[in-house]
Amino acid sequence: MTTITTPSTAELRELAKKSLEACGATIPEGTGITARSPITGESLFELGETPDVAAAIDRAHEAFLQWRSVPAPVRGFVVKRLGELIAEHKQDVANLITIEVGKIGSEALGEAQEMIDICDLAVGISRQLDGRTMPSERPGHRLMETWHPLGVVAVISAFNFPAAVWSWNTALALVCGDAVIWKPSETASLTALACSALLDRALKEHGMPAGVSQVVLTDAAGASVLVDSPKVPLVSATGSERMGAQIAPRIAARFGRALLELGGNNAAIVAPSADLDLAARGIVFSAAGTAGQRCTSMRRVIAHSSLVDDLVGRLTEVYARLPIGSPTDDGTLVGPVINPAAYERMQEAIEQAVADGGELVVGGGRRDAGGDAFYVEPAIVRMPAQTDIVRRETFAPLLYVLEYDTIEQAIALQNDVPQGLSSSIFTLDQREAEQFMAAEGSDCGIVNVNIGTSGAEIGGAFGGEKTTGGGRESGSDAWRAYMRRATNTINYSHDLPLAQGVNFS
Ligand code: UN1
């Protein structure tokens, strides 16, 4: 095993402390939650659990009653300030993301940038929470709709985007007039404390109620209180399909709304006309970047039989020299996976794929950094068919390669998985690209041409179909999920004509 050198846990702890302090965050005293770094695999701090999630809901609800009456553009000022504070503390937030989830510097800064971007977008939206006006069938009447704040929104976020996913939800929910309770992943509490401290500051500077934003450090039992509370009209949850399947029926049973962003099994089709250099670069970023731990990470390549050998050859060459190491080193492109379980699941998936007739072409080994830190070599497995293991999401840098002969076959393979988040095609043939984006093409929420599956901008709606959960966050009109719609019929005449020509006199 090649050895990896990392900073010491004491050094990471010191940097985390400095970054937290700079953001105005304090570590809650007590026990219950352990902050750990995948860089060394050791614990950083013990944190106190939030004792009473139900009380946090009550506080948020109280604050909501005031916040909903603040004009939306004024709510936008708070979000604008949040964006400024994140920009000011971009490096601090990025440090915490690197320390806690192992992202390389550029990707951690990219995540902080994504937060600034969504704040900008939300500020603009705060002046555009528009409803439609429709013609009424009755003379002297007007028909229109008004969008109102919804209430308390619970944001349950995963470890892999420990800050950005909160900000997508929160920036929009705030301008929409909602209060937000954030239940971060237990593996990313420090990042959550820093980000919520910045929002607390923005709220305070604008004289707004503190209860509008709260973070609860808690486990699945604490999350259940949010999921089951009738005082939480919307639960926006990012995580595994298993988690989604557990909470969705419970939210539905109380007629709450769920915005789910669950698994992905994202594929790229590489067609005969593809620019192979571009395709290889796009694939490597999406499949090996973030150590394969994005919902949008590329898990499958579906390559035309005429070029599959060439493509696999190119990818193998790049994979063999990918700089794997501590994310605190400038040259590193692949940091650690989050925990030992992630490594084990990757090994099991490789074993199963090989048992199914697959060929491990490159990677899969572990690089020793000592202890419980897990640095893995991104792997490529060529598969004879899309077997069960390929149809499952393994949250690690593991890429399956399949081949096809006709574009119809390729699209059928792309769609023949339970998940429906992101997809892409590398082609210079416009017919093929259009076919892929058409109704009978990719069934995913994100359908790209000549770029990989990951790295979406915040301007578009983000989310996917099937077991991905159907939710849409971030740009376009995703804000509507955070509001309730009232349809208004206004009679400005002296008569009372009834709709559908009904006569009642
Ligand atoms: C996620 O992995 O949960 O499109 C979100 C991307 C990022 C967001 C990923 N903008 O890869």
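The C-alpha centres of domain 1 and domain 2 lie 30 Å apart. The model is predicted: local features require a pLDDT of at least 70, side-chain atom pairs count only at pLDDT 80 or more, and totals for chains, interfaces and linings use all residues. Residue numbers start from 1 along each chain as its sequence is written.

Me: What are the bounds of domain 1 and domain 2?

Reply: The domain assignment gives domain 1 as 9-262 + 469-485 and domain 2 as 266-459. Such bounds come from an automatic or database domain assignment.

Me: Why is the ligand said to lie between domain 1 and domain 2?

Reply: Both domain 1 and domain 2 give residues to the shell around the ligand, so the ligand lies between them. The shell consists of Glu114, Asn160, Phe161, Val165, Thr238, Arg294, Cys295, Thr296, Ser454, Gly455 and Ala456. A residue is near a molecule if its C-beta atom, placed from the backbone, lies within 6 Å of it.

Me: How many residues of domain 1 and domain 2 are in contact with each other?

Reply: 23 residues of domain 1 are in contact with 22 residues of domain 2, where contact requires the C-beta atoms, placed from the backbone, to lie within 7 Å. On the side of domain 1 that touches domain 2, helix H4 (90-101) and helix H5 (105-125) each supply at least two residues. H5 provides the largest share of that side, six residues. The residues of that side of domain 1 divide into eight nonpolar, nine polar and six charged. Helices (H or I, at least four residues) and strands (E, at least two) are DSSP runs, numbered from the N terminus.

Me: How do you know that the span of helix H7 (residues 189-205) agrees with expectation?

Reply: The expected span is 1.5 Å times one less than the number of residues. For the 17 residues of H7 this gives 24 Å, and the end C-alpha atoms are 24 Å apart, which agrees. After H7 comes Gly207, with a positive phi near 65°.

Me: What makes H7 mostly covered?

Reply: Of the 17 residues of H7, 14 are buried. A residue is buried if 20 or more other C-beta atoms lie within 10 Å of its own, exposed if 12 or fewer, and partly exposed in between, with C-beta atoms placed from the backbone.

Me: Which residues of helix H9 (residues 241-253) are buried, and what do they pack against?

Reply: Glu241, Gly244, Ile247 and Ile251 are the buried residues of H9. They pack against helix H8 (220-228), strand E8 (234-238) and strand E9 (257-261). H9 has 13 residues and reaches 19 Å from its first C-alpha to its last, close to the expected 18 Å. Just after H9, Phe255 has a positive phi of about 60°.

Me: Why is Glu261 called buried?

Reply: Glu261 has 30 other C-beta atoms within 10 Å and is therefore buried. The residue lies in strand E9, and an unreviewed UniProt entry lists Glu261 under "active site". UniProt positions follow the numbering used here, feature names are shortened, and annotations may be inferred rather than shown by experiment. Leaving aside neighbours within four places in sequence, Glu261 is in contact with residues including Thr238, Cys295 and Glu473.

Me: What makes Leu262 buried?

Reply: Leu262 has 28 other C-beta atoms within 10 Å, so Leu262 counts as buried. Leu262 lies in the loop between E9 and strand E10 (266-270). Not counting residues up to four places away in sequence, Leu262 touches Gly239, Ser240, Glu241, Gly244, Thr467, Thr468 and Gly469.

Me: What is the phi of Ala291, and why is Ala291 called buried?

Reply: Ala291 has a positive phi of about 50° although it is not a glycine. Ala291 has 31 other C-beta atoms within 10 Å and is therefore buried. Ala291 is found in the loop between helix H10 (276-288) and strand E11 (298-304).

Me: Why is Lys466 called partly exposed?

Reply: Lys466 has 19 C-beta neighbours inside 10 Å and so counts as partly exposed. Lys466 is found in strand E21 (residues 465-466), and its phi is positive, near 55°, in a residue other than glycine.

Methods: Contact = placed C-beta atoms within 7 Å. Nonpolar A, V, L, I, M, F, W, Y, C, P; charged D, E, K, R; others polar.
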